[in-house]
Amino acid sequence: MGWVLDVERINSVLKEIERRASSGRYFFPIIGPVKGELLYAFTLLAQPLRVLELGTGIGYSALQIARALKPGAKIVTVDADEENADEALDNLRRAGVEDLVTVIVDEAGRYLQNDKSIYDMIFMDIEKSRYLDLLEDCISRLRPNGILVADNVLWPELRRFRQAIMTHPQLASAIIHIEDGVSLSVKKL
Ligand SMILES: C[S@@+](CC[C@H](N)C(=O)[O-])C[C@H]1O[C@@H](n2cnc3c(N)ncnc32)[C@H](O)[C@@H]1O
């Protein structure tokens, strides 16, 4: 028998991170349960084999993606902050998905410069000033029909990013007005 995800174990770590991330003494920005469910649904629909996440945080969104993956699929997740990456790794281990997620400590732009792999899905959730800078690199790393999902896209500072994804000749994009916004862009054939 092949590898089976322990969905209950993943869900319990997700709940634990939600509680921790919103507690007064320890706040950490995560995509949260509502947009997290949307990310999970996008992943179920796309059935990606190779996923790139930019902005691991403490592993919450990687777990939302991981619980939708089919056997053989893998996530590479990149974060510039070593402490966050360590905590993410700990959470991924406790959820039992450490074999399908590779956590890399690097700046997202530098990682994209050096890694020339092609992905079926990219999730972007880093500092907002970098979204537009990294858009072309993300598109070039997506296979045709691959998807780019970006968090927080209703933030005022992402106005130019919104414009770019909505008018880009290689993308079909939609902005979903849930909480502070999530975008979905499909790379056209
Ligand atoms: C909002 S948190 C990510 C939350 C995570 N995606 C989730 O929903 O659970 C943003 C993370 O991106 C990292 N980050 C910000 N700018 C970055 C950059 N240019 N390159 C790599 N990581 C970056 C931060 O260290 C932080 O851990």
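Analyst: Let us start with burial: a residue is called buried if 20 or more other C-beta atoms lie within 10 Å of its own, exposed if 12 or fewer do, and partly exposed in between, with the C-beta atoms placed from the backbone. In this chain, buried residues make up 40% of the 189 residues. Please keep in mind that this is a predicted model, in which local features need pLDDT of at least 70 and side-chain atom pairs count only at pLDDT 80 or more, while totals for chains, interfaces and linings use all residues. Residues are numbered from 1 along each chain as its sequence is written.

User: How many helices and strands does the chain have, and how are they defined?

Analyst: Helices (H or I, at least four residues) and strands (E, at least two) are DSSP runs, and they are numbered from the N terminus. By that rule the chain has seven helices and nine strands.

User: What does the radius of gyration tell us about the chain?

Analyst: The radius of gyration is taken over C-alpha atoms, and the globule rule is 2.2 Å times the number of residues to the power 0.38. For 189 residues a compact globule would have a value near 16 Å, and the chain, with 15 Å, agrees with this. Taken along the principal axes, the C-alpha atoms fill a box of roughly 45 × 40 × 30 Å.

User: How should I read contacts, and what share of them in the chain join residues at least 24 apart?

Analyst: Two residues are in contact if their C-beta atoms, placed from the backbone, lie within 7 Å. Among contacts in the chain between residues at least 6 apart in sequence, 70% join residues at least 24 apart. A case to look at is Ala66 in helix α3, which, leaving out residues up to four places away in sequence, touches Ile10, Ile75, Val97, Leu100 and Val101. Ala66 and Val97 are 31 residues apart in sequence, yet their C-alpha atoms are 7.4 Å apart in space. Ala66 counts as buried because 26 other C-beta atoms lie within 10 Å.

User: Which residues surround the ligand?

Analyst: A residue is near a molecule if its C-beta atom, placed from the backbone, lies within 6 Å of it. Here 19 residues surround the ligand, and the closest are Ile31, Gly55, Gly57, Tyr60 and Ser61. The elements that give two or more residues to this shell are α3 (60–66) and β4 (74–79). For the classes, Ala, Val, Leu, Ile, Met, Phe, Trp, Tyr, Cys and Pro count as nonpolar, Asp, Glu, Lys and Arg as charged, and the others, Gly among them, as polar. The shell then divides into eight nonpolar, five polar and six charged residues.

User: Is Asp79 buried or exposed?

Analyst: Asp79, which is found in strand β4, is buried, since 27 other C-beta atoms lie within 10 Å. Leaving aside neighbours within four places in sequence, Asp79 is in contact with Gly55, Thr56, Gly57, Asn84, Ala85, Ala88 and Val105.

User: How do α6 and α7 pack, and at what angle?

Analyst: Two packed helices are described by the angle between their axes and the distance between the axes. Axes are lines fitted to C-alpha atoms, for helices over the stretch in contact, and angles run from 0 to 180 degrees between N-to-C directions. Helix α6 (residues 131–140) and helix α7 (residues 159–167) meet at an angle of about 25°, with axes 9 Å apart. Angles under 35 degrees count as roughly parallel, over 145 as roughly antiparallel, 65 to 115 as roughly perpendicular and the rest as oblique, and α6 and α7 are therefore roughly parallel to each other. Their contact is made by Tyr131, Leu132 and Leu135 of α6 and by Arg160, Phe161 and Ala164 of α7. By class, this contact has five nonpolar, no polar and one charged residues. Ala164 counts as partly exposed, because it has 17 C-beta neighbours inside 10 Å.

User: Where does a residue other than glycine have a positive phi?

Analyst: Asn145 is one of them, with phi near 75°, and it lies in strand β7 (residues 142–151). Asn145 is exposed, as 11 other C-beta atoms lie within 10 Å. Asn152, in the loop between β7 and α7, also has a positive phi, of about 65°, but counts as buried, with 20 C-beta neighbours inside 10 Å.
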